[in-house]
Amino acid sequence: MKSFPAEEMDAVARPFPGRIGVCIKDLNTGLRYEYNADEPLPTASVVKVSIMIELFRQAHDGQLSLDDRYRMRTDISSHGTGTLSIMRDYPELTLRDYCRLMMGVSDNMATDMIVHLLTPESINATLDGMGYYNTRANMQLGVWHYLMKGVVETPSKELDEAIRSGELNDGPGDKDLPFASDLRNNVASANDLVDIMEKIHAGEMISAGASAQMVEMMKVVKGDNRIRQYLKPEIETARKTGGSGRIKADTGIVYLPTGPMFVAGLSTSDRAEDQVQGMEAVGLITRMAYATVSPESVLGVE
């Protein structure tokens, strides 16, 4: 029976200049690989998976409807990724569309609109109820980005402009927290993420209908890096990437011809100049896993 080349995969992870956690599970063969897979590691935008789950949970339980419409709040930080930050007229969108923007183009303003509504306490309570004790969504992305600048004030348009202009790039805040393996941070373990992806694929995350909608939202995510770095273009994935400075993360479902593979890789480099190595390490480790069960899916392997 085939097995993952664990020693070779470890040889990529072990010398990584920082912290890295990886989990890979192949559904067809049952093969599994773990490296530091239980440590809670910073997620950057991969935290949006947890937020999406809670949104669908509250919709399933009748606490809200995905068709509910909300006008963009005026106190949402525009710092970070996405498209809503270029708008000036505060659009009104459904929660479903805010979620599409959050997952598909990693829009941070859409994310923070949803977090305002759900609350971090509710998100984390649901994670606890599902047994994901090493995965937390403790703060809005605007707050998280502010902490990276050492700014602890509540996000505002005025502070956004001060940060953007360079007037406010330092402060008394905890600049280390966003990069910490700390349950006060937005974090996840690779094991938790792989279990989440497996349940979404099986239609067991909230409901079959909710799981199917989550998959479709994650299929929109583009980028030939991290877990897609060595995959041929025709191989479909449903995933959520994350990255900010030294943090590089990715999790998803890889639809190999042999069946789905569930993957998660999170890395935080010790130095800014080593950040690219996080993407490369996750790419190399997942490449070896793909090549084990479906070599025809991997670039450069015949």
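Mentor: We may. The model is predicted, and buried residues make up 55% of the 302 residues in the protein chain.

Trainee: How many helices and strands does the protein chain contain?

Mentor: The chain has ten helices and nine strands.

Trainee: Why is the protein chain called as compact as a globular protein of its length?

Mentor: Its radius of gyration is 19 Å, and the globule rule gives 19 Å for 302 residues; the two values are close, so the chain is as compact as a globular protein of that length. Along the principal axes, its C-alpha atoms fill a box of roughly 60 × 45 × 35 Å.

Trainee: What share of the contacts with a separation of 6 or more joins residues 24 or more positions apart?

Mentor: Such pairs account for 67% of those contacts in the protein chain.

Trainee: Why is Arg136 called buried?

Mentor: The cut-off for buried is under 20% relative accessible area. Arg136 has a relative accessibility of 10%, and therefore counts as buried. Arg136 is found in the loop between helix H5 (120-129) and helix H6 (141-148). Beyond its neighbours within four places in sequence, Arg136 is in contact with residues including Asn124 and Asp128, and also Val47, Leu183 and Val187. Ser189 is 53 residues from Arg136 in sequence, with 9.5 Å between their C-alpha atoms.

Trainee: What makes Ser244 a buried residue?

Mentor: The relative accessible area of Ser244 is 13%, so Ser244 is buried, the limit being under 20%. Ser244 lies in strand E7 (residues 236-244). Neighbours within four places in sequence aside, its contacts are Ala44, Trp144, His145, Met148 and Phe179.

Trainee: Which residues touch the most other members of the largest nonpolar core?

Mentor: They are Ile51, Met52, Tyr98 and Cys99, in a core of 60 residues. Leaving out neighbours within four places in sequence, Tyr98 is in contact with Tyr70, Arg71, Met72, Leu84, Pro91, Leu93, Ala110, Met113 and Ile114. Another core, of 25 residues, lies apart from the largest one; Val22, Ile227, Tyr230 and Val293 are among its members. In soluble globular proteins, nonpolar side chains tend to be buried together.

Definitions and conventions
Residues numbered from 1 in each chain as written. Predicted model: local features only at pLDDT ≥ 70, side-chain atom pairs only at ≥ 80, totals over all residues. Heavy atoms only, no water. Helix = DSSP H or I, 4+ residues; strand = E, 2+ residues; numbered from the N terminus. Rg over C-alpha atoms; globule rule 2.2 N^0.38 Å. Buried < 20%, exposed > 50% of the residue type's maximum accessible area, 1.4 Å probe, protein only. Contact = heavy atoms within 4.5 Å. Core = buried A, V, L, I, M, F, W, Y, C linked by side-chain atoms within 4.5 Å.
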